Amino acid sequence: MTSRVCQWRSRWYLSPQYYEGCERPAHELHDYCIFHLPEKTPFEAQEFEKALDLEIDEQLGKHENSISFKGFQFPNRVILSKMLRAQAKNEFEEPEIRHQIDFREATFHDEFECGRVVVQSALQFGGATFGGATSFDYTKFRATARFSGTTFQGAVSFESTVVEFSVEFFETTFLKDLRIKPVPGDRHGIVSLERVRFTGPVELDWSNFGGSDTCASLYLRECNFGANVAFRGAMGCISLL
């Protein structure tokens, strides 16, 4: 008897030339593996967490610099530094995420937290859906974080965030509040929002920068604001296109 394989397929690569799917064994009761199973029972959610630890170990054994959670359906709250077992160089510094992380087309059904960490490699969230509150508070970005076609269904916060490279939003949808309030870092980075749709209140607060030459520039292009918008801070850092 031939074993069944997971039926998950990427929405972004429909052509056979760019085929991208999952070849893991399907769960015994479903057409998807435990990682791509959209709706999980409490028991299946526990099964997911146990399998996830093993999956991370396996991927790190094969690829030292990258981990893929493409299309994964996370049923519980995610604390990224804890999930990836991020470690600090010493007791005076924040934990570091050194691997390239691929969350494209992933769904987070609960809260997502990537706070008080140093991001040293690229984070990809293209096509991802965040179902609960999302926090990148006190995070230092030393690599690119991309949110292309991403949907945020809950409130989103980038409080006291350091952007030393780039945080990019393209065709992103924010259904509730967005707050971005960065602080200066060691290098000049960029926060860009292009063709972004906002339906809730937006607060873009650059007031902590003052005259710092390491402030992250803010670029806004072809955005659709559906609620109150507040700009605060050094207007020299903001470009409206």
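How many cavities of 30 Å³ or more are there by this rule? The count comes to 1.

## Basis

This is a predicted model, in which local features need pLDDT of at least 70 and side-chain atom pairs count only at pLDDT 80 or more, while totals for chains, interfaces and linings use all residues. Residues are numbered from 1 along each chain as its sequence is written, and side-chain values use heavy atoms, with hydrogens and water left out.

## Cavity

A cavity is a set of points, on a 1 Å grid over the protein atoms alone, where a 1.4 Å probe fits but cannot get out; a pocket is an open set with protein on both sides within 12 Å along at least five of seven lines; lining residues have an atom within 4 Å of a point. Points are joined across faces, edges and corners, and a volume is the space filled by probe spheres set on them. Helices (H or I, at least four residues) and strands (E, at least two) are DSSP runs, numbered from the N terminus.

The largest cavity has a volume of about 30 Å³. Its lining consists of F158, T161, V163, V167, F169, I180 and V191. Two or more of these residues come from each of β15 (156-163) and β16 (166-170), and β15 gives the largest share, 3 residues. By class, the lining has 6 nonpolar, 1 polar and no charged residues. Here Ala, Val, Leu, Ile, Met, Phe, Trp, Tyr, Cys and Pro count as nonpolar, Asp, Glu, Lys and Arg as charged, and the others, Gly among them, as polar.

The largest pocket has a volume of about 270 Å³. Of its 14 lining residues, Q59, H63, S66, I67 and S68 are the closest to the centre. The elements α1 (42-62), β1 (66-68) and β5 (100-102) each give two or more residues to this lining, with the largest share, 4 residues, from α1. The lining divides into 3 nonpolar, 6 polar and 5 charged residues.

For the second largest pocket the volume is about 230 Å³. Among its lining residues are F48, L52, F74 and M83. At least two residues each come from α1, β3 (78-79) and α2 (80-83), and α1 gives the most, with 4. This lining has 6 nonpolar, 1 polar and 5 charged residues.

## Nonpolar core

A nonpolar core is a set of buried Ala, Val, Leu, Ile, Met, Phe, Trp, Tyr and Cys residues joined through side-chain atoms within 4.5 Å. Buried means under 20% relative accessible area, exposed over 50%, and partly exposed in between (1.4 Å probe, protein chains only). The largest core has 55 residues, of which F69, F74, M83, F103, F125, F158 and F169 touch the most other members.

Contact means heavy atoms within 4.5 Å. Leaving aside neighbours within four places in sequence, F74 is in contact with residues including F48, L52, F69, M83, F103 and A106.

## Backbone details

Most residues other than glycine have a negative phi. E105 has a positive phi of about 65 degrees and is placed in the loop between β5 and β6 (107-108). E105 counts as buried because its relative accessibility is 4%. E222 also has a positive phi, near 55 degrees, in the loop between β22 (217-221) and β23 (224-225). At 47% relative accessibility, E222 counts as partly exposed.

G71 lies in the loop between β1 and β2 (73-74) and is buried, at 1% relative accessibility. G71 and A106 are 35 residues apart in sequence, with their C-alpha atoms 4.1 Å apart. Not counting residues up to four places away in sequence, G71 touches W8, F35, H36, R104, E105 and A106.
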